[in-house]
Amino acid sequence: IINTNLNYEKTDERPQVVVVTVPDMGNNYPEAFAVELFDEWKIGNRELDNGVLIFLSLEERDIRIDVGYGLEGAIPDGVTGSIIDRSLSHLSAGDYDSGLFQMFYDVTERKIAEEELRKYKLLSKKASDIIIFVNLDGKIIEANEAAIKTYGYTREELLTKSIYNIRGEINIVKEQMLKVKEEGVLLETIH
């Protein structure tokens with residue numbers, strides 16, 4: 001946990017993931033206790049509000065994950081609920097170390113995936129080559145600016161199309177889609 005946060009300190013965003021266990025919360029409400037702790041400890045980068053608090057109160061058997069507003073897109077409430085659900089078997093058995101580590105791992109993996117996705121989107125958006133993402137049925141689910149300009153559609157129009165609508169070589173496209181279904185990702189370059 002310490003090494004992960006030290007690595008985060010080297011990034012521009014400087015997020016933090018803090019795991020806290022307390023024997024009890026006294027007479028405090030769980031939400032107020034966790035929020036106060038989050039604010040008092042200034043978890044995450046102040047400007048980006050990108051901290052995460054994983055909180056366990058043993059007496060009250062209260063587990064929660066509080067996420068700064070800057071990470072709510074990457075780690076929304078539904079995701080935090082799933083992360084907690086995945087570690088409940090450990091926590092219920094009294095194996096707090098494994099349960100908390102599982103939650104920490106899930107949160108940090110989610111953050112890493114979000115950062116990779118951000119880079120990936122930036123690269124594809126700025127590329128001068130046409131980049132189109134399609135689902136297994138051939139429906140276009142994402143396209144970069146080069147594709148929009150080349151095919152002459154608005155972004156909204158292009159996302160209603162299928163790869164079969166915009167590519168003339170239907171048989172080649174069908175073969176490619178079959179290959180994707182069998183082997184996974186397909187990268188095609190034509191120059």
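Trainee: What makes the three strands an open sheet, and in which order do they stand?

Mentor: The order is β1-β2-β3, with mixed pairing. β1 (16-22) and β3 stand at the edges with a single partner strand each, so one side of each has no neighbour in the sheet. Strands are DSSP runs of E with at least two residues; helices are runs of H or I with at least four, and both are numbered from the N terminus.

This is a predicted model: local features need pLDDT of at least 70, side-chain atom pairs count only at pLDDT 80 or more, and totals for chains, interfaces and linings use all residues. Residues are numbered from 1 along each chain as its sequence is written, and side-chain values use heavy atoms, without hydrogens and water.

Trainee: How do you know that β2 and β3 pair, and which way do they run?

Mentor: Pairing needs at least two bridges found by DSSP. Six bridges join β2 to β3, and they run antiparallel. Leu56 stands opposite Ile63 in β3.

Trainee: What packs on the sheet?

Mentor: α4 does, touching β1, β2 and β3. Contact means heavy atoms within 4.5 Å. The direction of α4 makes about 165° with that of β2. Such angles run from 0 to 180 degrees between N-to-C directions; axes are lines fitted to C-alpha atoms, for helices over the stretch in contact.

Trainee: Why is a group of residues called a nonpolar core?

Mentor: Its members are buried Ala, Val, Leu, Ile, Met, Phe, Trp, Tyr or Cys, joined through side-chain atoms within 4.5 Å. Buried means under 20% relative accessible area, exposed over 50%, partly exposed in between (1.4 Å probe, protein chains only). The largest such core has 18 residues, and Val52, Ile75 and Met103 are among those with the most contacts inside it. β2 (51-57), β3 (62-67), α3 (77-92) and α4 (96-126) each supply at least two of its residues. A second, separate core of ten residues includes Val22 and Phe55.

Trainee: How do you know that the span of helix α8 agrees with its residue count?

Mentor: The expected span is 1.5 Å times one less than the number of residues. For the 14 residues of α8 (170-183) that gives 20 Å, and the end C-alpha atoms are 20 Å apart, which agrees.

Trainee: Which residues of α8 are buried, and which are exposed?

Mentor: Val173, Gln176, Met177 and Val180 are buried. They cover an arc of only 100° around the axis, so they lie on the same side of α8. The arc is that of the directions from the helix axis to the C-beta atoms. Asn171, Glu175, Glu182 and Glu183 are exposed on the other side.
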